[in-house]
Amino acid sequence: MRPTSIGREDDGSSFWQEVPRGARRGAIAVPSGLLAVVAAGEPEGPSVVLVPGITGSKEDFSLMIGPLTDAGANVISFDLAGQYQSFAAGPENLTPPRARYDWDLFVDDLLAVLESRRRPSHVVGYSFAGVVAQLALVSRPELFLSLTLLSCPPEPGHGFAGIPVIGPLSERSSGRLDASIMTWGIAHNLNRVPAERLRFVRRRFLFTRRDSISDALELMNRIPDCRTALAATGIPKIVAVGEHDLWPEELHRRFAESIGARFLLYPGGHSPCETSPVELSRDLIAALLPPGPSRDRSGVATVSDEGSARPEGLEPGARR
């Protein structure tokens, strides 16, 4: 299959816009609307669901999809509601409609994706999506084979509190202001990502709804405490972070211990899926995937035809 790009011209970011080898684009219906997905792997393989965070997208896992499918996994990743190619998904589509993105919206969307797999899945939740995945696990543990929390906020309550400098400032700001600061910092490459990655990230912001970012950052000010419930599930759990993550390593270690999770540490910062994808994939494969191809034929997610994740007329400047 030829890689698919949403760009009309090559601006140097096409690598991140292409689907990984052997993958296909599609869309999946959830309570908030249609979510854009990338899916890969044999249908009978163990199900792995990769969930990106706020301001992110399914492409954040592009460097992991190949190694996971090579190990026999059936992988799906999707853009959260309001983010990138899922920009049309939002609270106005719910029944009844709601005014804001909230925890229930993100959790119910994830549960719909997991239910579509028709068998339990290994779930990787990145940053904000790690909290969403925790809430989903506590609600429906039968849908999970394992939970990996990648650079997830390590403490309940005010999620930014443990971050030096940013934490105290965020206590006195709003989600809208936090969203403006975050998008400005990412767009101006304070994370020091390579040029081709930066071009893709800037292009992605042309689609992502600003209200989905600001509402999510407001939610980060009131993260539910799932630690006791997570520990009680007995489902295998991993906490994976970079050495220079936003939150101090000690907080992540304490969080992992409190929920009975294995702790994995990688070089780099907040995005091991980009900076240590081979090592992270290798560790997940060793810890979670059985040797040899799985023969479980109980079902696989239904994904629409390639290209349907991009509604007709998708252009920069989508509703914010």
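Q: Why does T55 count as buried?
A: Start with the value: T55 has a relative accessibility of 9%. Buried means under 20% relative accessible area, exposed means over 50%, and partly exposed is in between (1.4 Å probe, protein chains only). Since 9% is under 20%, T55 counts as buried. This is a predicted model, in which local features need pLDDT of at least 70 and side-chain atom pairs count only at pLDDT 80 or more, while totals for chains, interfaces and linings use all residues. Residues are numbered from 1 along each chain as its sequence is written, and side-chain values use heavy atoms, with hydrogens and water left out.

Q: Where is T55 found, and what is its phi?
A: T55 sits in the loop between β3 and α2. Such names come from DSSP runs numbered from the N terminus: helices are H or I with at least four residues, and strands are E with at least two. Phi of T55 is near 70°, a positive value in a residue other than glycine. Most residues other than glycine have a negative phi, and most peptide bonds are trans.

Q: Which peptide bond is cis?
A: The bond from T95 to P96 is cis, with omega near -5°. P96 belongs to the loop between β4 and α3.

Q: Are R118 and R119 buried or exposed?
A: Both arginines lie in the loop between α3 and β5. R118 has a relative accessible area of 54%, which is over 50%, so R118 is exposed. R119 has 6%, which is under 20%, so R119 is buried. R118 also has a positive phi of about 65°, although it is not a glycine.

Q: What makes the pair of P43 and R119 a polar contact?
A: A polar atom of the R119 side chain lies 3.0 Å from the backbone oxygen of P43. A polar contact is a pair of N or O atoms within 3.5 Å; within protein, one must be able to donate a hydrogen and the other to accept it, and residues adjacent in sequence count only if both atoms are side-chain atoms.

Q: What does R262 count as, and which residues does R262 touch?
A: R262, in strand β8, has 47% relative accessibility. That value falls between 20% and 50%, so R262 counts as partly exposed. Contact means heavy atoms within 4.5 Å, and R262 touches K237, I238, V239 and A287, not counting residues up to four places away in sequence.

Q: Why are β1 and β8 called edge strands?
A: Eight strands form an open sheet in the order β1-β2-β4-β3-β5-β6-β7-β8, with mixed pairing. β1 (24-30) and β8 (262-266) each pair on one side only.

Q: What makes β3 mostly covered?
A: Five of the five residues of β3 (residues 47-51) are buried. On one side these are S47, V49 and V51, and on the other V48 and L50. In a regular strand the side chains alternate between the two faces of the sheet.

Q: What makes a group of residues a nonpolar core?
A: Such a core is a set of buried Ala, Val, Leu, Ile, Met, Phe, Trp, Tyr and Cys residues joined through side-chain atoms within 4.5 Å. The largest one here has 60 residues, and V49, F78, F106, L110, F128, F144 and V239 touch the most other members. Helix α3 (residues 103-117) gives the most to this core, with nine residues. A second, separate core has 24 residues, including A23, A40, M64 and Y126.

Note on methods
Pairing = 2+ DSSP bridges.
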